[in-house]
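Thanks for coming. I will go through one model today and keep to what can be computed from its atoms. Please have the sequence and the structure open while I talk.

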Amino acid sequence: MRSSQGNAHVLKDPSLNAIFIVLTQYYCAEEYANSFLDELRLNYSRDRSSATNKSSLAKICQKYNDIVRSDKAATAQEKIGATKESVKDAITNMIDAREQALVLDVTSHELNEESRRFNEGSTEYHRRMVWRSARNYLYLGGSLVIVVIVIWLIVK
């Protein structure tokens, strides 16, 4: 049985003609409650005198009360462990991202250097082509002037 306040755990033992019931807080793990019930059943089956059962019941209750506390601590440790893992993952991802950024930075510098060299080479090539074109126009113009002079001398 479960409620927002706690749980009821039941153990029936037909050989002892007994029913063992324990009420636990809602956070108590069922395995602890079942262990507690099993230990009660074993203790009851060994000695059925009420005086002995009261003192041993107190010991068992104290023992499992401590287990519930340690269960809280284990839960807290588990949460801390999960947090540690997520922080480790975040740090690993950050380191990977930084390495990728460094690789991109190096690649960017290399591309920048290549583009600078390409720009210098293309500027030099453009200048050569402009002078070659100008030289060709001068040759063509000079040839045209010579042809016109020759035609003019022939006609005259």
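**Salt bridges, a surface patch and confidence**

Start at Arg117, which forms a salt bridge with Glu114, their closest N and O atoms being 2.9 Å apart. By salt bridge I mean a side-chain nitrogen of Lys or Arg within 4 Å of a carboxyl oxygen of Asp or Glu. Before going on, the ground rules: this is a predicted model, in which local features need pLDDT of at least 70 and side-chain atom pairs count only at pLDDT 80 or more, while totals for chains, interfaces and linings use all residues. Residues are numbered from 1 along each chain as its sequence is written, and side-chain values use heavy atoms, with hydrogens and water left out.

Back to the pair. Arg117 and Glu114 are three residues apart in helix H2, about one turn of the helix. Helices here are DSSP runs of H or I with at least four residues, strands are runs of E with at least two, and both are numbered from the N terminus.

The classes are buried for under 20% relative accessible area, exposed for over 50%, and partly exposed in between, with a 1.4 Å probe and protein chains only.

Further along, Glu120 and Arg116 meet in a salt bridge at 2.6 Å, N to O. Both are in helix H2, four residues apart, about one turn of the helix. Glu120 is partly exposed at 45%, and Arg116 is partly exposed at 38%. Through salt bridges that share partners, Glu113, Glu114, Arg116, Arg117 and Glu120 are joined into one network. Over the whole structure, the search finds five salt bridges.

Now the patch. Ile146, Val147, Val150, Ile151, Ile154 and Val155 make a nonpolar surface patch of about 590 Å². Patch residues have over 30% relative accessible area and no salt bridge; like charges are joined within 9 Å, and nonpolar side chains (Val, Leu, Ile, Met, Phe, Trp, Tyr) within 5 Å. Areas are from the Shrake-Rupley method with a 1.4 Å probe, and for residues only the protein chains shown count as cover. Val150 sits in helix H2, residues 50–155; it counts as partly exposed because its relative accessibility is 39%.

For the overall picture, the protein has two helices and two strands, in the order β-β-α-α along the sequence. Of its 156 residues, 15% count as buried. The protein exposes about 12800 Å², and carbon and sulfur atoms supply 61% of that.

Last, confidence. The pLDDT, the predictor's confidence in each residue from 0 to 100, averages 81 for the protein, and 74% of the residues score at least 70. Confidence is highest in H2, at 87, and lowest in strand E2, residues 18–25, at a mean of 68. Where pLDDT is low, the predicted coordinates should not be read in detail.
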